[in-house]
Amino acid sequence: MTNLRQRIQTIMQIRVHLKKFKIQLVIIFFVKLSLLIPELLYPIVYKIFIDDVIAEQRMNQMGKVVVFYIGLYLLETLLKIIHRVFDNYLFNNISHNLKMVMCRKYMYMPMNAYNMFISSDLKNRIDGDVDMTKIFILEQVFNYITALTKLLSSIIILILFNWQISIFSLAVLPISIFISNRYEKALTSHY
């Protein structure tokens, strides 16, 4: 639970610097969520291909499958381009603003306070810590929400395809998480 508290505290500290970029953050968030659409529709294309084209040998459905697949690919590519443009714009601006804030802090710091730091440490804080904000925002905020959305959507699609397989998959999921956690703890305890 302490990790969650630390994440929330970090978000609260960064939030002040993100207020200017609400619109860009919302656009990136919705583009990231809309990237789930092609990911969730690809299995439907494969199902149509396997059920209609291969199993029932309806070759007239092959054109629809190809067009649908190419359309999803183009949609995914377009969304990734939009995401990259807003991502670069937003995080370059955020990084510039944070670096300016840190430089101002260093400029107005009392002279005797500089003796407590190594000069390279101050530079690394400006460069490294600011760059980590992008990773933090993307990983800790956006990716958690999109991963949860993807999980719920995948469960719904799996239930629509075959409810028996979905029940089996949902039953195996906690076992898989348990084994992964055990394996990770075993690896980290040896190092």
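Which residues form one aromatic cluster? I found Y42, Y46 and Y69 in it. My ring rule: rings of Phe, Tyr and Trp (its six-membered ring) pair if their centres lie within 6.5 Å, with planes under 30 degrees apart counted as stacked, over 60 as edge-to-face and the rest as tilted.

Ground rules before going on. This is a predicted model, where local features need pLDDT of at least 70 and side-chain atom pairs count only at pLDDT 80 or more, while totals for chains, interfaces and linings use all residues. Residues are numbered from 1 along each chain as its sequence is written, and side-chain values use heavy atoms, with hydrogens and water left out.

**Entry: aromatic pairs**

I count 3 aromatic pairs in the structure. F29 and F30 make an edge-to-face one, 5.7 Å centre to centre with 65 degrees between the planes. F29 is buried because its relative accessible area is 19%, whereas F30 counts as exposed at 53%.

Y42 and Y69 give a tilted pair, 5.3 Å centre to centre and 50 degrees between the planes. That pair links distant parts of the chain: Y42 sits in helix α3 (residues 36-55) and Y69 in helix α4 (residues 62-107), 27 residues apart. Y42 has 12% relative accessibility, so I put it down as buried. Y69 has 35%, so it goes down as partly exposed.

Buried or exposed: what is L90? Buried, because its relative accessibility is 0%. L90 lies in helix α4. Leaving out residues up to four places away in sequence, L90 touches F21, Q24, L25 and I28; contact here means heavy atoms within 4.5 Å. I also checked L90 against K20, 70 residues away along the chain, and their C-alpha atoms are separated by 10.0 Å.

S95 is in helix α4 too. S95 comes out at 13% relative accessibility, so it counts as buried. Which residues does S95 touch, not counting those up to four places away in sequence? I got V130 and D131.

**Entry: the whole chain**

How many helices and strands are there? The chain has 6 helices and 0 strands, and from the N terminus on the elements run α-α-α-α-α-α. Helices (H or I, at least four residues) and strands (E, at least two) are DSSP runs, numbered from the N terminus.

The radius of gyration is 23 Å, but a compact globule of 191 residues would be near 16 Å. I took that radius over C-alpha atoms, and the globule rule is 2.2 Å times the number of residues to the power 0.38. The C-alpha trace spans about 80 × 40 × 25 Å along its principal axes.

Buried residues make up 25% of the 191. Of the contacts between residues at least 6 apart in sequence, 74% join residues at least 24 apart. The accessible surface is about 14,000 Å², 68% of it belonging to carbon and sulfur atoms; the areas come from the Shrake-Rupley method with a 1.4 Å probe, and for residues only the protein chains shown count as cover.

I have 21 positive and 12 negative side chains, with the centres of the two sets 9 Å apart. Lys and Arg count as positive and Asp and Glu as negative, while His and the chain ends are not counted. Each charge is placed at NZ of Lys, CZ of Arg, CG of Asp or CD of Glu.

Notes. Buried < 20%, exposed > 50% of the residue type's maximum accessible area, 1.4 Å probe, protein only.
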